[in-house]
Amino acid sequence: MLDFGDCEYHWFAYDLAIAIYHTAQTMKPGPERITGIQQFFSSFIDGYARGNPEITFIAQIDDFINYRHLFSYAYHSVFSDPSQLSSGQLSYLQDMRQSVLDGSSFLGCSLS
């Protein structure tokens with residue numbers, strides 16, 4: 001079940017990237033994560049294309065997933081009170097910061 005409450009309903013690639021991004025966050029790092037992301041993406045796009053066969057924007061999906069990662073980092077950096085975060089949350093935020101600075105792909109693979 002996906003909650004589309006975060007969708008902006010403007011760039012279809014961004015709306016899909018939000019679902020893919022948050023699904024990927026639930027998966028443990030490692031090779032199985034990449035396989036799981038690719039399987040989810042394939043099934044998700046197959047279902048999406050049944051209702052909206054115009055999916056040429058998929059070529060941009062990786063950029064929008066990385067944009068979501070940047071947006072998430074910026075949002076949590078501004079609106080989170082570090083004194084209220086657990087050490088795990090602080091570590092995760094630091095990892096997000098480092099990946100943004102490194103310019104690395106959030107997923108670790110390309111979907112487009």
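1. A residue is called buried under 20% relative accessible area, exposed over 50%, and partly exposed in between. By that rule S42, at a relative accessible area of 37%, is partly exposed. The structure discussed here is a predicted model, and the points below should be read with that in mind.

2. S42 is found in helix α2. Between S42 and A19 there are 23 residues in sequence, and their C-alpha atoms are 13 Å apart in space. N52 and P29 are likewise 23 residues apart in sequence, with a C-alpha to C-alpha distance of 32 Å. N52 is placed in the loop between α2 and α3. With a relative accessible area of 21%, N52 is classed as partly exposed, because the buried class is limited to values under 20%.

3. The interior deserves a separate comment. In soluble globular proteins, nonpolar side chains tend to be buried together. In this model the largest nonpolar core has 26 residues, and those with the most contacts inside it are L16, I61, I65, L107 and L111. Helices α1 (12-25), α2 (31-51), α3 and α4 (87-102) each contribute at least two residues to this core. The largest share, nine residues, is supplied by α1.

4. Apart from neighbours within four places in sequence, L107 is in contact with I20, A24, R33, I34, I37 and I65.

5. H69 is placed in helix α3. Its relative accessibility is 5%, so H69 counts as buried. When neighbours within four places in sequence are set aside, the contacts of H69 are Y21, M96, S99, V100 and F106.

6. Aromatic pairing is the next topic. The structure holds seven aromatic pairs. In one of them, F40 and F44, the ring centres are 5.4 Å apart and the planes meet at 25°, so the pair is stacked. Both residues lie in helix α2, four residues apart, about one turn of the helix. The two fall on either side of the 20% limit for burial: F40 is partly exposed, with a relative accessible area of 21%, whereas F44 is buried at 14% relative accessibility.

7. A second pair is formed by Y75 and F79, whose ring centres are 4.9 Å apart; the planes stand at 40°, so this pair is tilted. Y75 and F79 both belong to helix α3 and are separated by four residues, about one turn of the helix. Y75 counts as partly exposed at 41% relative accessibility, while F79, with a relative accessible area of 61%, is exposed. Elsewhere, Y14, F64 and Y67 form one aromatic cluster.

8. The surface also calls for a remark. Y67, L70, F71, Y75, V78 and F79 make a nonpolar surface patch of about 640 Å². L70 is found in helix α3 (residues 61-79), and L70 is partly exposed, with a relative accessible area of 41%.

Definitions and conventions. Residues numbered from 1 in each chain as written. Predicted model: local features only at pLDDT ≥ 70, side-chain atom pairs only at ≥ 80, totals over all residues. Heavy atoms only, no water. Patch = residues over 30% accessible without salt bridge, like charges linked within 9 Å, V, L, I, M, F, W, Y side chains within 5 Å. Areas by Shrake-Rupley, 256 points an atom, 1.4 Å probe, with all protein chains shown as cover. Salt bridge = Lys/Arg side-chain N within 4 Å of Asp/Glu carboxyl O. Buried < 20%, exposed > 50% of the residue type's maximum accessible area, 1.4 Å probe, protein only. Core = buried A, V, L, I, M, F, W, Y, C linked by side-chain atoms within 4.5 Å. Contact = heavy atoms within 4.5 Å. Phe/Tyr/Trp six-rings, centres within 6.5 Å; stacked < 30°, edge-to-face > 60°.
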